[in-house]
Each structure stands twice: as C-alpha cells, then as structure tokens.
Amino acid sequence: MTKVKELNIALLGLGTVGKGLVNLLNENKDEILNKHNAKINIVKVYERNADKLEKFGMDRALFTDDMQTIYDDPSVDIVVELLGRIHPSKEFIEGALKAKKNVVTANKDLICMHGGELLKVAKQNGVTMLYEASCLGAVPAINTLKNNFLGDEIKSIKGIFNGTTNYMLTKMTQEGLSYEDCLKQAQELGYAESDPTNDVEGIDAAYKLCILSRFAFGLDAQFDDISKKGITKITSQDIEIAGRLGYTIKLLAIAKCNNQKLEMRVNPVLVSNEHQLSKINGAFNACTVEGNYSDEITLIGRGAGSYPTASAVANDIMNFAHKMGDVGQRTLKKAKIEKDGQMKFYIRLSILDKAGVLAVIAKTFGDNKISIESAIQDKNDNPEVKSLIIVTHSTSSLNMNKALDKISKADVVQSVDSVLEVLG
Ligand code: NDP
Ligand code: HSE
C-alpha cells in the first residue's frame with residue numbers, strides 16, 4: 001500500500017465559500033482517501049477573529065491574523081484564498097507564492113486585474129496558482145477552455161456569467177418581485193459579492209469574461225477593453241414588453257474574436273425564448289463556446305453559492321494532490337480591440353403622441369443605415385406621452401450610438417428610456 005499523501009492547507013477567509021470548503025472536505029474525507037489516497041488537513045485559518053472559527057465549530061487554535069505565521073510554516077503546502085477583493089488578497093497571495101506555497105483562489109477581481117503578474121511570481125518560485133472557481137462557480141469553464149478545443153479555433157464565448165443577476169432577473173420575470181427584494185434574496189443565499197455593486201453593474205461578469213477570453217483566444221484581453229452595462233436600469237416595463245415580444249432579458253457576457261481582433265461586452269440582452277440561454281434560470285450560469293469546427297458547446301451549472309463554488313476550489317486542491325501541475329495560462333499575444341459590434345437592438349422611447357413623430361425617428365435610423373424589424377406603441381407612466389418600442393435588424397453599434405444621439409435631441413422625443421441588445 002502506497003503512503004497516504006498529506007496536504008496541509010492554510011485557509012484565508014471563512015465566509016460563504018470558505019465554510020462550504022471546510023464542510024466539503026470534512027464530509028468527503030473518506031471519498032478523497034479512497035479515490036486519491038490523500039488526506040487534506042486545514043492547519044491554519046486566517047480571519048478577522050477567532051470567534052468566527054468557534055461559532056462554526058472549528059478549533060480556535062487554527063486561527064491566525066498574521067500572514068507571516070503562514071509563510072513561515074513549512075508544513076503549509078497550499079494557501080487557499082477566499083477573502084475576496086483585490087487588497088490585501090494580492091499581497092497575501094504574492095507573499096505565499098514567494099514563500100513557495102501553491103495557491104488556490106476563487107478571486108476573479110484579482111485574477112482579471114493581476115493574474116499575469118501573480119502567475120509570473122508563481123513561476124519564479126517554482127509553485128502554481130489555480131483559480132477554476134473564479135469563473136462560473138461549479139462550471140469547469142477554465143479547465144474546459146484550457147484542455148479542450150486544442151486543435152480548433154474558438155470564434156466566440158458567450159453566456160450568463162453572474163449568478164446574482166441571473167437569480168434577480170429570473171425572480172423579477174417569473175414572480176414579479178422588486179429589484180430590491182431580489183437582490184436581498186441573492187445576498188441571503190450567498191450568491192452576491194460582499195459589495196453587490198460589481199454583480200449588478202456587470203463588473204463581476206466582465207472580470208470572468210476577461211479571464212475566460214484569455215484562455216479561449218490566447219490574447220491579452222484586458223478589463224478596460226470590455227464595454228459594461230449592468231441590470232440597474234432594467235424596469236418591470238422592459239421585462240413585461242420583452243415577454244410580450246417573445247424574449248427574456250438576461251445579462252450576457254459576449255466575446256468574439258475575428259482575425260485576432262477582440263470584441264467584448266457585458267450587457268442586458270433580450271434573448272429569444274427559443275434560445276437555450278433564455279432558459280437558464282436562478283443562480284445557474286452557462287457558457288456557450290463556439291469553435292470553428294466543433295460548432296457550439298454549452299456548459300451549464302451552478303454559477304454561485306457555497307457548495308458549488310467549494311466544489312471547484314476542491315478540484316484545484318485535488319489537482320495538487322496529483323501534482324497535475326500548471327494549468328495557469330498560455331503565453332498571450334497582444335489583442336486588437338473591435339469597438340464596433342454588430343447586433344440587433346431593442347429601444348424604448350418616450351415620445352409625443354402626434355403626427356410625424358414616427359417619420360422623424362425612422363428617418364434618423366435610415367440615415368444611419370439602421371433597418372427596423374418591428375415597432376409598437378405602448379402606454380407610458382406619463383399620460384401626455386407614449387412609449388415607442390423598436391426592434392432593429394442587426395446593425396453597427398457605432399451607427400446606433402450616432403442615431404440615438406440625434407433622436408435624444410429631437411423635439412418629439414422626451415427620453416430614450418432603454419437600449420438593449422437582442423439575441424435570437
Ligand atoms: P464572504 O464575504 O462570504 O467571505 C469572505 C470572508 O473573508 C469573510 O468571513 C470576511 O470577513 C473575511 N475577510 C475578508 N477580507 C478580510 C481581511 N482583509 N482580513 C480578514 N478577513 C477577511 O465571501 P465569499 O465566501 O462569498 O467569497 C469569497 C471569494 O470567492 C470571493 O473572491 C468571491 O468573489 C469568490 N466567489 C464567491 C462565490 C459565491 O457564490 N459566494 C462564487 C465564486 C467565487 P468579514 O465578513 O468580516 O468581512
Ligand atoms: N457574485 C458572483 C455571482 C459569485 O453572483 O456570480 C460567483 O462568482
């Protein structure tokens with residue numbers, strides 16, 4: 001019988017995911033021993049105070065609030081960072097790598113903004129940093145892009161990359177709940193970030209899109225190159241009108257690569273009810289990868305939550321048990337950024353209810369080479385005006401910006417209330 005491998009972990013952060021990981025490793029220890037001939041021991045927990053450990057039923061003696069004790073402990077093999085946010089996690093991970101500890105993290109903010117830098121430090125110190133849980137919770141998106149499509153060329157990745165907003169949009173659509181109530185529920189269920197601004201503003205999804213684009217296209221995708229719009233301005237009126245037109249509103253992350261030129265965005269999209277992404281509900285995430293030869297492959301699973309995320313963290317830990325080595329990142333080439341996307345649009349305007357209004361709007365669209373697929377007039381909260389809802393054919397986003405700039409200044413238009421992408 002070969003000797004049982006013992007792996008000692010220093011856990012940073014005993015929050016939603018940290019607690020899930022402790023429970024998972026505990027509940028699964030026999031399985032881990034049988035399957036991997038390994039024992040995973042948590043030997044230190046970095047937190048704000050020891051009471052948190054005790055309340056959770058852990059030994060107070062594992063507590064530390066001094067990272068140096070972790071760097072200096074030769075028994076620590078892996079530092080698992082589950083604190084979140086960029087600082088001080090960046091400094092802690094850097095310190096751990098320099099102390100020749102392997103690192104596992106679920107921190108997308110950090111990997112998106114400083115992943116390359118940290119991977120270099122890891123390499124210089126002969127250790128590895130893994131971060132599967134940083135993208136789409138339990139869905140193995142990074143490992144799939146890293147280990148598959150190797151003989152193919154990926155043309156696009158798109159999907160639902162944030163559990164909180166998908167949960168909120170699902171509840172707003174299916175149960176008519178308010179934005180505020182849905183956000184509160186998502187926070188209580190452990191889906192949202194400690195500050196949910198990143199979730200609702202599309203920033204969290206953009207971090208993940210940036211990380212996954214690097215694996216998908218081998219280009220140095222940067223966060224600032226992604227255009228971002230969240231769900232804060234989505235109204236129940238938009239959800240209701242979209243439903244009537246046969247669409248469901250989803251926050252989509254989309255990256256396309258054409259001749260090494262990258263187009264990346266996160267925005268709410270009217271997804272046709274025929275399209276599978278319209279059916280991804282609650283905290284589930286999905287990522288559709290389109291290869292030149294493979295065509296579309298979609299991964300679906302729980303994108304947030306304690307246990308699903310802990311499962312991805314545990315997978316990285318078990319990779320170390322097998323010494324499976326570097327699934328870090330390929331060498332990246334400089335990316336050229338495409339600023340003009342082609343897409344269909346849904347536009348809701350508040351207009352004066354009088355003759356000639358439609359002609360003014362249609363002419364502005366025509367002048368900007370935008371073709372209208374359908375237009376309907378609807379009631380408005382303000383009895384003096386009407387809502388005009390337009391769905392266009394696929395068009396240039398730059399032309400659309402020009403047209404909307406002109407339309408918003410027209411006397412007959414009171415306001416441009418909503419501009420959303422349409423899929424399917
Ligand atoms: P939580 O806020 O629930 O947990 C973080 C824990 O770390 C809290 O106990 C927090 O204490 C503690 N902590 C944070 N900063 C410090 C610090 N500077 N010093 C000491 N303790 C600190 O976050 P989650 O568990 O939800 O998320 C952890 C990481 O996993 C994040 O990077 C997140 O983006 C990522 N992630 C989360 C998912 C989820 O579904 N929740 C899914 C995928 C990834 P306190 O509460 O006192 O601040
Ligand atoms: N807040 C994130 C989400 C957690 O809702 O998707 C998973 O990364």
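Visitor: Which residue stands opposite Ala 10 in S4?
Guide: This is a predicted model, where local features need pLDDT of at least 70, side-chain atom pairs count only at pLDDT 80 or more, and totals for chains, interfaces and linings use all residues. Residues are numbered from 1 along each chain as written, and side-chain values use heavy atoms, without hydrogens and water. Strands S1 (residues 5-12) and S4 (residues 78-81) run parallel, joined by 4 bridges; strands are DSSP runs (E, at least two residues) and helices too (H or I, at least four), numbered from the N terminus, and two strands pair if DSSP finds at least two bridges between them. Opposite Ala 10 stands Val 79.

Visitor: What is the bridge partner of Asn 8 in S2?
Guide: S1 also runs parallel to strand S2 (residues 38-46), with 8 bridges joining them. In S2, Asn 8 has as its partner Asn 41.

Visitor: How many residues of S1 are buried?
Guide: Buried means under 20% relative accessible area, exposed over 50%, partly exposed in between (1.4 Å probe, protein chains only). Strand S1 is mostly covered. Of its 8 residues, the buried ones number 6.

Visitor: Where do the buried residues of H14 lie around the helix?
Guide: Helix H14 (residues 357-367) buries Val 357, Ile 361, Thr 364 and Phe 365. Seen down the axis, they fall within an arc of 100 degrees (taken from the directions from the axis to the C-beta atoms). On the other side, Ala 359 and Lys 363 are exposed.

Notes: Chains are lettered from A and ligands numbered from 1 in the order in which they are written.
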